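Please open the model in your viewer and keep the selection tool ready, as this tour goes from one selection to the next.

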Amino acid sequence: MSNAGANKIDNHKHNQIDYVKVEQSPKFKKLMSDRKKFIVPLTIFFLVFYFLLPILTSYTTFLNTPVIGDISWVWLFAFSQFVMTWVLCTLYVRKAASFDKLADEIIDEQLDKGGKN
């Protein structure tokens, strides 16, 4: 939730929000579903890619093959993990901004309704 969303809630403390109804609202369910569809596959990809390096170096010799001069595949794979981390971080930050917008819409809608469905 963005700071603007938190401020809106603070400014409307006199409104009683029924959080059970908020949780059951279609927009909230869509937000949670979209977040899950985004986060779970990226997390699985990250973990597989991350643990692939120690597994491949322990049980195979493929990554020891030189690619460019004395630089082997293991160095390229290790470097690609840094690149992958930055790319996933950038993707997450951009997607989180859209999740924040949807969360703000849900907050505005519920504050305008006083929490009633």
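Is Phe62 buried or exposed? Select Phe62: this residue is exposed, with a relative accessible area of 53%, where buried means under 20% relative accessible area, exposed over 50% and partly exposed in between, with a 1.4 Å probe and protein chains only.

Before going on, note that this is a predicted model, in which local features need pLDDT of at least 70 and side-chain atom pairs count only at pLDDT 80 or more, while totals for chains, interfaces and linings use all residues. Residues are numbered from 1 along each chain as its sequence is written, and side-chain values use heavy atoms, with hydrogens and water left out.

Next, colour by secondary structure: the chain has four helices and two strands, which are DSSP runs numbered from the N terminus (helices H or I, at least four residues; strands E, at least two).

Now select residues 26-59, helix H3, together with residues 73-113, helix H4, which pack at an angle of about 170° with their axes 11 Å apart; the axes are lines fitted to C-alpha atoms over the stretch in contact, and angles run from 0 to 180 degrees between N-to-C directions. H3 is therefore roughly antiparallel to H4, a term for angles over 145 degrees.

Within these helices, select Phe49 in H3 and Phe77 in H4, 28 residues apart. Their rings form a stacked aromatic pair, 5.0 Å centre to centre with 15° between the planes; rings of Phe, Tyr and Trp (its six-membered ring) pair if their centres lie within 6.5 Å, and planes under 30 degrees apart count as stacked. Both Phe49 and Phe77 are buried.

Terms used:
Angles under 35 degrees count as roughly parallel, over 145 as roughly antiparallel, 65 to 115 as roughly perpendicular and the rest as oblique. Rings of Phe, Tyr and Trp (its six-membered ring) pair if their centres lie within 6.5 Å; planes under 30 degrees apart count as stacked, over 60 as edge-to-face and the rest as tilted.
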